[in-house]
There are 2 protein chains.
Amino acid sequence: MVQELGRRDRLTDAATDYVLEHGLVGLSLRPLAAELGTSDRMLLYHFDSKDDLVAAVLRTSNDRSVLDLRALPPSADVRSAVLDLWAAVTTPRLARCQRMYVEAAALGLFGQEPYASVVREANRVWVAAVADHLVASGTPRDRAPRAAALLDAALTGFQLDLPLDAGDPVLEQAVRDLADAVTAIAGG
Amino acid sequence: MVQELGRRDRLTDAATDYVLEHGLVGLSLRPLAAELGTSDRMLLYHFDSKDDLVAAVLRTSNDRSVLDLRALPPSADVRSAVLDLWAAVTTPRLARCQRMYVEAAALGLFGQEPYASVVREANRVWVAAVADHLVASGTPRDRAPRAAALLDAALTGFQLDLPLDAGDPVLEQAVRDLADAVTAIAGG
DNA sequence: CGATGACTGTAGCAGTCGCTACACTGTGCG
DNA sequence: CGCACAGTGTAGCGACTGCTACAGTCATCG
């Protein structure tokens, strides 16, 4: 039993990759287990229930997101901070995480657990990281929460429409408008 | 067979109410049919498949949203247009529709049909209605699409976080900031 | 009248779901 | 050694899914 302590952790990691690809909604233990080279029996052994596993996956994905976000170097000014954030968030790796976050948040909209509670915490941590990046890029600390609130909401909204009109020039213009808006909040 | 032409339509309406309440994700024909005083057998007779029914429900909900939105009287200026829009969209009746839209959009994120295609169309119509309201409230016509794009994204994002931090003063401040931002786009 | 077609109830199919009972392996510890 | 126990495979339970086959009931129309 010494084996490896990280058994469950490695399963969580692999499961997260799978769910990021396939989505939360149709998620079923048997196909997931098959892709992981194990069985549903084992997943329910290491996690206590499907909800438990889902919660772990959600947290792992969010940890990755926040890690990526905090790895960003400070931007030259607030305006480029927004543009850099948008660029980061549309990176395939981060976009997947964001997509799953949105999915989880949508499920949480109807109060369904474990989504609702995990999403609440995830959002708190994520917005804090966004605010920190804004501060590191020249936003006064007391303005950062307001700016981050608008910025986060708009970014989420953009991402929701992304597959609808990818590459739409109106969308790209809206991102620039958002950058100006955040700059105004930071500077006013 | 003369009976009433609106058979399917009345079912669609009632089904829409049910889905707005219970969400799309867990949706199952039998409980829905029970609440509607019929059977799954009948739902599949009037609609050809569950997907067909879901698409009808999605369209009905969106029609209601857009109808409500277009019923709004023009606002005094762009800034109050945004605030009025936010007020309208947080109305219980409209909030439910928006919530389901977000859920459908999230499902569409993974390319799942019929969500993806219906949501695309719904978004197009909705954003157009938002743009029209901005124009009616003093936004120059050529600025309206840009303004509506940012406004819609931010509103959607706010709604996604609404159950997380309802009544949060930061959120309310962010709405005012959004109003200023849209005003800047419209006026610049 | 008989026939046609819209509509509905019953009953069930084939499949999937999360989850569990049970037997088994291997390893470490006394 | 013998015991305990983490980990694993097999097999299956009961519930639920979308959907369908089939047999009917009615009003309408030739």
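**Close-up views of a predicted two-chain model**

**View 1. The contact between chain A and chain B.** In this predicted model, chain A gives 38 residues to the contact and chain B gives 38 residues. On the side of chain A that touches chain B, the elements giving two or more residues are helix 6 (92-108), helix 7 (115-136), helix 8 (144-161) and helix 9 (169-187) of chain A. Helix 8 of chain A supplies the largest share, twelve residues. By residue class, this side of chain A holds 24 nonpolar, six polar and eight charged residues.

**View 2. The axis relating chain A and chain B.** Chain A superposes on chain B by a rotation of 180 degrees, with 0.0 Å of shift along the axis and an RMSD of 0.0 Å. This is the relation of a two-fold axis. A:Ala154 has the C-alpha nearest the axis in chain A, 2.0 Å from it. Of the interface residues of chain A, 100% are also interface residues in chain B, so the copies meet through the same surface.

**View 3. Helix 5 against helix 8 in chain B.** Helix 5 (residues 78-89) of chain B packs on helix 8 (residues 144-161) of chain B at an angle of about 40 degrees. Their axes lie 11 Å apart. The angle makes helix 5 of chain B oblique to helix 8 of chain B. The crossing of these two helices of chain B is right-handed.

**View 4. Residues joining helix 5 and helix 8 of chain B.** Helix 5 of chain B makes the contact with B:Val82, B:Leu85, B:Trp86 and B:Val89. Helix 8 of chain B makes it with B:Leu151, B:Leu155 and B:Gln159. The residues of this contact divide into six nonpolar, one polar and no charged.

Conventions
Residues numbered from 1 in each chain as written. Chains lettered and ligands numbered in written order. Predicted model: local features only at pLDDT ≥ 70, side-chain atom pairs only at ≥ 80, totals over all residues. Contact = placed C-beta atoms within 7 Å. Helix = DSSP H or I, 4+ residues; strand = E, 2+ residues; numbered from the N terminus. Nonpolar A, V, L, I, M, F, W, Y, C, P; charged D, E, K, R; others polar. Least-squares fit on C-alpha atoms with pLDDT ≥ 70 in both. Axes fitted to C-alpha atoms, helices over the stretch in contact; angles between N-to-C directions. Parallel < 35°, antiparallel > 145°, perpendicular 65-115°, else oblique. Left-handed = near helix turned anticlockwise from the far one by under 90°.
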